[in-house]
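Please read it with the structure open beside you.

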Amino acid sequence: MDSRTYNPRTVEEVFRDFKGRRAALIKALTTDVEDFYNQCDPEKENLCLYGFPSEQWEVNLPAEEVPPELPEPVLGINFARDGMQEKDWLSLVAVHSDAWLLAIAFYFGARFGFDKADRKRLFNMINELPTIFEVVTGAAKKQVKEKSSVSNHSGSKSKSSSKAQRAPESQSRQSKPSQPKEEDEELDEQDDDEHGETLCGACGEHYGTDEFWICCDICEKWFHGKCVKITPARAEHIKQYKCPSCSNKRARP
């Protein structure tokens with residue numbers, strides 16, 4: 001099915017469409033940032049950043065049809081690339097991408113007759129996720145730190161702890177000494193509280209105890225192993241892990 005013409009009709013379908021497009025845009029601005037940067041050549045015509053429900057992104061010219069079938073992303077993102085610092089340019093693209101995602105979602109809502117309750121439910125579902133801007137700038141991580149216990153949360157970011165976290169959750173639990181059942185459950189609850197608010201620096205989704213995570217030793221952001229293509233076995237041999245964004249950082253004119 002063509003991701004450009006797919007029309008979700010229920011609140012759940014629109015939200016699924018929103019999440020897919022959002023994941024694609026976050027990928028372009030974080031893990032795939034080097035490729036995205038190179039595609040936004042200022043010498044080319046007006047370019048747009050598209051995100052599709054399939055979680056794939058694309059830099060391309062805007063739709064030729066007027067009016068377009070769907071709301072279009074902001075034009076000319078490539079023109080500002082070399083006129084400002086890279087982090088500021090990425091933040092600007094992120095803000096416009098957030099606005100485009102909301103426009104798409106509420107376009108579907110209007111087109112398929114969502115009532116007040118449906119629109120409110122859709123917005124509440126969307127609002128539970130950090131914005132692309134918050135993920136790209138690290139604001140989402142700062143908000144998490146403010147909500148959770150600062151001492152416990154910051155302690156989990158130490159290098160010794162981050163190395164331990166690279167091992168699968170099930171493996172680390174198996175290595176614990178045998179304890180009474182009640183005490184073991186209490187430790188599990190504390191672990192969930194400590195990491196439950198953590199967000200993946202690539203996809204922006206919450207921490208899950210059944211998923212493998214790895215922490216960047218440079219920016220200290222956490223990532224799903226699958227989002228940065230790192231397996232538990234590979235992590236064991238990494239002395240200092242650098243996420244894709246930190247690995248791709250270089251001096252820009």
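**Notes on the packing of H1**

1. The crossing of H1 and H3 is right-handed, a crossing being right-handed if the near helix is turned clockwise from the far one by less than a right angle, and left-handed if anticlockwise. Helices here are DSSP runs of H or I with at least four residues, and strands are runs of E with at least two, numbered from the N terminus.

2. This is a predicted model, in which local features need pLDDT of at least 70 and side-chain atom pairs count only at pLDDT 80 or more, while totals for chains, interfaces and linings use all residues. Residues are numbered from 1 along each chain as its sequence is written, and side-chain values use heavy atoms, with hydrogens and water left out.

3. The axes of H1 and H3 (residues 86-111) come within 10 Å and cross at roughly 165 degrees, where axes are lines fitted to C-alpha atoms, for helices over the stretch in contact, and angles run from 0 to 180 degrees between N-to-C directions. H1 is therefore roughly antiparallel to H3, the term for angles over 145 degrees, whereas those under 35 count as roughly parallel.

4. On the H1 side, the residues that meet H3 include Asp17, Arg21 and Arg22, and their partners in H3 include Ser97, Trp100 and Phe108; contact means heavy atoms within 4.5 Å. The residues of this contact divide into 13 nonpolar, one polar and three charged, with Ala, Val, Leu, Ile, Met, Phe, Trp, Tyr, Cys and Pro counted as nonpolar, Asp, Glu, Lys and Arg as charged, and the others, Gly among them, as polar.

5. H1 (residues 11-29) also packs with H4 (residues 116-127), at an angle of about 30 degrees and with the axes 10 Å apart, so the two are roughly parallel to each other. Val11, Glu12, Val14, Phe15 and Phe18 of H1 make this contact with Asp118, Arg121, Leu122, Met125 and Ile126 of H4, a set of seven nonpolar, no polar and three charged residues.

6. Arg9 lies in the segment before H1 and is exposed, with a relative accessible area of 53% (exposed means over 50%, buried under 20%, and partly exposed in between, with a 1.4 Å probe and protein chains only). The C-alpha atoms of Arg9 and Phe108 are separated by 7.1 Å, although these residues are 99 apart along the chain.

7. For the chain as a whole, the secondary structure comes to 13 helices and four strands, and 42% of the 253 residues count as buried.

Technical notes:
Angles under 35 degrees count as roughly parallel, over 145 as roughly antiparallel, 65 to 115 as roughly perpendicular and the rest as oblique.
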